[in-house]
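Thanks for asking me to look this one over. Here are my notes, as numbered points, to read alongside the model.

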There are 2 protein chains.
Amino acid sequence: MAVTIKVNEETFTPRQQAVLTAALDLLVENGDGLTMTAVARRASCSKETLYKWFGDRDGLLTATVQWQAAKVRMPQVDRTGLNAKTLRASIEQFARDLLTVITGEVSITLNRTAVTHAAQEKDRLGNIVLENGPLAIRRRLKPILEAGRDARLLRFTSSEDAYRTFFGLVVRDVQIRLLLGDKALTQANVEANIEADVKSATDQFFVLYGTKAHNA
Amino acid sequence: MAVTIKVNEETFTPRQQAVLTAALDLLVENGDGLTMTAVARRASCSKETLYKWFGDRDGLLTATVQWQAAKVRMPQVDRTGLNAKTLRASIEQFARDLLTVITGEVSITLNRTAVTHAAQEKDRLGNIVLENGPLAIRRRLKPILEAGRDARLLRFTSSEDAYRTFFGLVVRDVQIRLLLGDKALTQANVEANIEADVKSATDQFFVLYGTKAHNA
DNA sequence: TCGTAGGCGTACCGTACGGTACGGTTCGAC
DNA sequence: GTCGAACCGTACCGTACGGTACGCCTACGA
């Protein structure tokens, strides 16, 4: 099925990006109450322009989500000179990036929008978010994990399973609770605990998948 | 802040339950395209009756979600005669229940609805879903975990952390992918793997939190 | 038998919003 | 200077939907 996501192939003009920014801002503020009129007013452009550029409301929404989601760029971790210490540092970095992203206001908004979209038999936004979120991390993490295995620092049969376990250990119930608007999880609250959670998740991951050599 | 959720205190009449069933069906089918007219037609009742019974659209939605969510009943596990074998069986049962629930069509629908709702500054549905989903499991699992610790079968400092790790190991990225409409995760696909996932998650949980005595 | 309550079906109202049309303005090309 | 393209602002249209009103039917108690 090969979901192909066009990203920035045809870059948006600065003016268009300003419009997308306005759309995202409204999305973050008012949730799904995004109306074409509101975007036009916020971006000081005419509705006609919106329709010319993005086709229809869905097109604008898709462009916004795609444009924002593509901005999430996980720092590349190099796999040269891999040893127990650098491996752990890399894993920790991935955990940190993952937690930082999913707890961000923008990510929450995009995920909510995509979930709402998916509730109407449309999976387009969902795919975009998946592709630029979890799957992006997976693409980058897997090679690291496999390098770790090759260096006899990790042990697993399926790197897919190892990745998903990592995801679970890091994310736990944080994302779903944030998406559901759990008041007990304030932004500050979560962010303050990120470092501890990162450390804890990494530790647990190494307990499950590390070899004896991993804490050399 | 003590979020109190009234559940079935004032039970719905059979007729009302029929209406709620109709509403849920529409929710599952059409996603968020739930209109009062559609519910009225489906339930063969008048819109006026809907408004008399539920106040407004939000009230109907809330009643539907609340009523359905409360139906999710995790089988009670007794903590008498706790030993390594029964503890493992209990944990496995929780994992199975959790996975079964979150992969169900109804649960996906309710969660999507609640997320959509949360995108509009309303956390009411989110709280209901949280309360009857993850938190319900937590309430029932924690005593088991603590009993396991008392019996020196488990070791942890915070039962809250232990619970959340359990949640992560079991759910991993399944729920968010389902909510986002990931086509790669079909219902059948997931359900076929539940048993393997349950076993795997339980094993990992015991590796992390079990004492030497746990596999007696 | 009559009155009343509950409820069905339908018509109706108001509004919000997606989408279109159009006049007016800016600006660059020639 | 003139033309045209791009675009702003606003007015406008059609429709979908939340919410209300009302006429009619049925059941039931006096």
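Which residues are the closest to DNA strand D?

1. DNA strand D is surrounded by 15 residues, and the closest are A:Arg15, A:Thr49, B:Lys47, B:Glu48 and B:Tyr51. A residue is taken as near a strand when one of its heavy atoms lies within 4 Å of it. Of the atoms of DNA strand D that come within 4 Å of the protein, sugar and phosphate account for 56%.

2. A word on the ground rules: this is a predicted model, in which local features need pLDDT of at least 70 and side-chain atom pairs count only at pLDDT 80 or more, while totals for chains, interfaces and linings use all residues. Residues are numbered from 1 along each chain as its sequence is written, chains are lettered from A and ligands numbered from 1 in the order in which they are written, and side-chain values use heavy atoms, with hydrogens and water left out.

3. Turning to DNA strand C, 15 residues lie around it, and A:Lys47, A:Glu48, A:Arg57, B:Ser46 and B:Thr49 come nearest. Sugar or phosphate makes up 54% of the atoms of DNA strand C within 4 Å of the protein, and bases make up the rest. Phosphate oxygens of DNA strand C lie 2.9 Å from a polar side-chain atom of A:Arg57 and 2.9 Å from a side-chain N or O atom of B:Thr49. The side chain of B:Glu48 places an N or O atom 3.4 Å from a base oxygen of DNA strand C.

4. Which elements give two or more residues to the surface near DNA strand C? They are helix 3 of chain A together with helix 3 of chain B (helices are DSSP runs of H or I, at least four residues, numbered from the N terminus). For DNA strand D, helix 3 (47-54) of chain A and helix 3 (47-54) of chain B each supply at least two residues of the nearby surface.

5. Now the protein interface. Chain A and chain B each bring 40 residues to the contact (heavy atoms within 4.5 Å). The area buried between them is about 3,800 Å², with carbon and sulfur atoms giving 61%; buried area is the accessible area (1.4 Å probe) that two parts lose on being put together, summed over both. A:Arg164, A:Arg172 and A:Leu180 supply 19% of the area that chain A buries against chain B, more than any other three residues.

6. How many salt bridges are there between chain A and chain B? The count is 4, a salt bridge being a side-chain nitrogen of Lys or Arg within 4 Å of a carboxyl oxygen of Asp or Glu. B:Lys183 and A:Asp123 form a salt bridge, with their closest N and O atoms 2.9 Å apart. On the side of chain A that touches chain B, helix 9 of chain A gives the largest share, 7 residues.

7. The same surface serves both copies, as 100% of the contact residues of chain A recur in chain B.

Definitions and conventions: A polar contact is a pair of N or O atoms within 3.5 Å; within protein, one must be able to donate a hydrogen and the other to accept it, and residues adjacent in sequence count only if both atoms are side-chain atoms.
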